[in-house]
Amino acid sequence: MSGRSQTVLGTPTVVRAVKSVATGEHGAFIELNAISKSFSTRDGSSTLAVDGVDLDIGASEFVSLLGPSGCGKSTLLSIIAGLIQPTSGEAHIEGKPILAPYTNIGIVFQNDLLLDWRTVLGNVLIQFEMRGMKREPHRERARALISSVGLSEFESKYPWELSGGMRQRVAICRALIHDPPLLLMDEPFGALDALTRAQLQIDLQNIWQSSRKTVVFVTHSIEEAVFLSDRVIVMTPRPGRVREIFTIDLPRPRGLDARAHPAFTEVIHRVNHLFEEMGVIRG
Amino acid sequence: MHARIHHLFWTAGSFAIVFASWEVVVRLFAMPQYLLPGPGPVFVALAKNFAIILSQTWWTAATVLAGFIIAAAVAVPLAMAIVISPMLERLLYPPMVATQSIPKIALAPLFIVWFGFGVVPKVAVAFLIAFFPIVIDTIVGLRSIDPAMLQLARSMGAPPHRAFLKMRLPHALPAIFGGLKVASSLAVVGALTGEFVGSDKGLGYLLVQASGNLNTALLFATLVVLSALAMAFFYLIEVLERIAIPWHASQRTHPL
């Protein structure tokens with residue numbers, strides 16, 4: 001199996017599995033050192049959501065955090081965004097500690113969070129208004145961006161006139177319009193049907209390839225993580241720890257055929273087994 | 001436009017049915033005038049006393065409007081303060097709920113003692129009774145925003161006041177209008193109660209007079225005008241709502 005994939009790709013190692021990356025390595029765009037986060041529960045005790053995560057993410061890298069529900073992957077994303085502070089450990093972006101919400105960023109949540117009272121264009125331009133900037137100078141760029149995701153005819157429509165996939169495209173435009181170097185995505189396609197989801201994955205890959213932003217992508221879909229990512233970080237069930245990191249060396253752009261690639265199916269297979277080992281999936 | 005005519009037709013139809021059944025009941029049971037006058041005598045009474053009814057209507061309408069506007073002007077900012085500050089919530093919310101446990105109508109005689117027989121005690125009762133639903137619905141509206149929306153605002157570097165004005169407040173508008181609509185009917189009840197207790201003006205005063213004279217036709221005429229006033233008031237707020245939140249699901253006219 002692995003021999004065949006090597007000949008097809010012509011690269012010596014298609015898939016590498018590493019226990020953990022070296023930490024404290026300078027030059028990484030995002031550095032997470034021994035990050036732990038516990039939440040206090042209603043009865044006064046505390047739950048450990050994330051436990052000692054070490055992770056470095058390079059500039060322009062597409063990294064997925066993959067794990068079962070409640071494994072702390074969204075918590076980790078919020079820590080990177082500076083929306084919550086870790087209980088212990090340190091998080092840095094470009095060498096600077098993250099102590100407040102990091103604003104040079106675009107975030108996409110599972111819920112598109114579009115404002116019902118604004119048109120598609122207005123929803124994209126809110127990014128500037130919330131930053132206290134004028135929206136007019138950015139109008140043309142916003143229209144071009146909306147057009148690039150195939151919604152040019154819908155720019156003056158309201159969110160309730162759009163399908164779920166279209167709404168999420170608008171949310172992605174809103175996250176990209178100010179051209180941030182970092183894009184955080186928290187199960188952005190989780191609520192979409194399979195076909196729309198596959199299309200948006202391809203669209204996202206295209207956006208990423210042309211803009212080369214750093215993307216941290218949270219998902220519980222193994223296929224989605226492998227298809228999109230440079231590296232897939234597999235996390236354990238709560239408390240979330242980094243269980244294994246897969247480097248996906250499949251060539252880009254990855255089309256529909258990539259999913260049939262032996263290297264692709266091999267990683268899927270291995271991650272599935274990993275989940276079985278951790279008791280997430282019972283065979 | 002066709003839909004609007006259609007709508008008007010059904011509204012007129014429902015009124016026609018009400019008046020027809022009224023007439024039928026009066027004739028069938030041979031009701032005496034002083035108990036239940038038919039629609040005919042009521043409209044005669046309305047026409048005969050039109051000038052006096054109209055002048056009393058303006059008086060009551062002004063009282064209702066004053067009470068309602070003061071209620072909205074106090075309730076909405078108060079609800080905002082309660083939502084923004086947990087400290088203010090602990091300070092203001094319990095006493096506010098406690099005052100609501102007093103039947104506000106029972107306060108009308110006290111207000112007469114305090115404020116005399118003028119317009120003030122009527123406005124005060126209208127205010128008190130209209131106030132509570134606006135506060136409660138505004139709080140619910142402001143609180144019902146997705147917490148992720150506020151996180152998004154923070155990641156956009158928005159100061160809290162901007163997140164409030166651009167996200168929270170517009171999001172709460174449908175609920176606020178719900179509260180205003182309930183309050184609009186209640187303000188009429190409040191103003192009328194004030195007029196019952198002690199007044200020489202207004203539709204409430206006219207009702208008391210007509211009842212005292214067993215002038216049931218005039219009583220009914222006044223009731224008709226009163227319900228027309230309350231309806232006009234309710235629809236005025238609906239029109240404002242349609243202008244303010246055309247985007248909301250409740251306002252969408254065309255199907256998806």
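In the predicted model, helix H5 of chain B passes helix H6 of chain B in a right-handed crossing. The two helices, H5 spanning residues 108-115 and H6 spanning residues 120-143, pack at an angle of about 140°, with their axes 9 Å apart. Because angles count as roughly antiparallel when over 145 degrees, this arrangement makes H5(B) oblique to H6(B). The contact is formed by B:Ala108, B:Phe111, B:Ile112 and B:Phe115 on the side of H5(B), and by B:Val120, B:Pro121, B:Ala124 and B:Val125 on the side of H6(B). Classified by residue type, the contact of H5(B) with H6(B) comprises eight nonpolar residues, with no polar and no charged ones.

Although B:Leu214 is not a glycine, its phi is positive, at about 50°. B:Leu214 counts as exposed, because 12 other C-beta atoms lie within 10 Å.

In chain A, a positive phi near 65° is found at A:Ser60, likewise a residue other than glycine, and A:Ser60 belongs to the loop between strand S3 (46-57) and strand S4 (62-66). With 14 other C-beta atoms within 10 Å, A:Ser60 is partly exposed.

Cis peptide bonds were also identified in chain A. One joins A:Arg238 and A:Pro239, with omega about 0°, and A:Pro239 is located in the loop between strand S10 (231-235) and strand S11 (242-248). The peptide bond from A:Arg252 to A:Pro253 is also cis, its omega being near 0°, and A:Pro253 lies in the loop that runs between S11 and helix H8 (262-277) of chain A.

Technical notes
Residues numbered from 1 in each chain as written. Chains lettered and ligands numbered in written order. Predicted model: local features only at pLDDT ≥ 70, side-chain atom pairs only at ≥ 80, totals over all residues. Axes fitted to C-alpha atoms, helices over the stretch in contact; angles between N-to-C directions. Helix = DSSP H or I, 4+ residues; strand = E, 2+ residues; numbered from the N terminus. Parallel < 35°, antiparallel > 145°, perpendicular 65-115°, else oblique. Left-handed = near helix turned anticlockwise from the far one by under 90°. Contact = placed C-beta atoms within 7 Å. Nonpolar A, V, L, I, M, F, W, Y, C, P; charged D, E, K, R; others polar. Buried ≥ 20, exposed ≤ 12 C-beta atoms within 10 Å, placed from the backbone.
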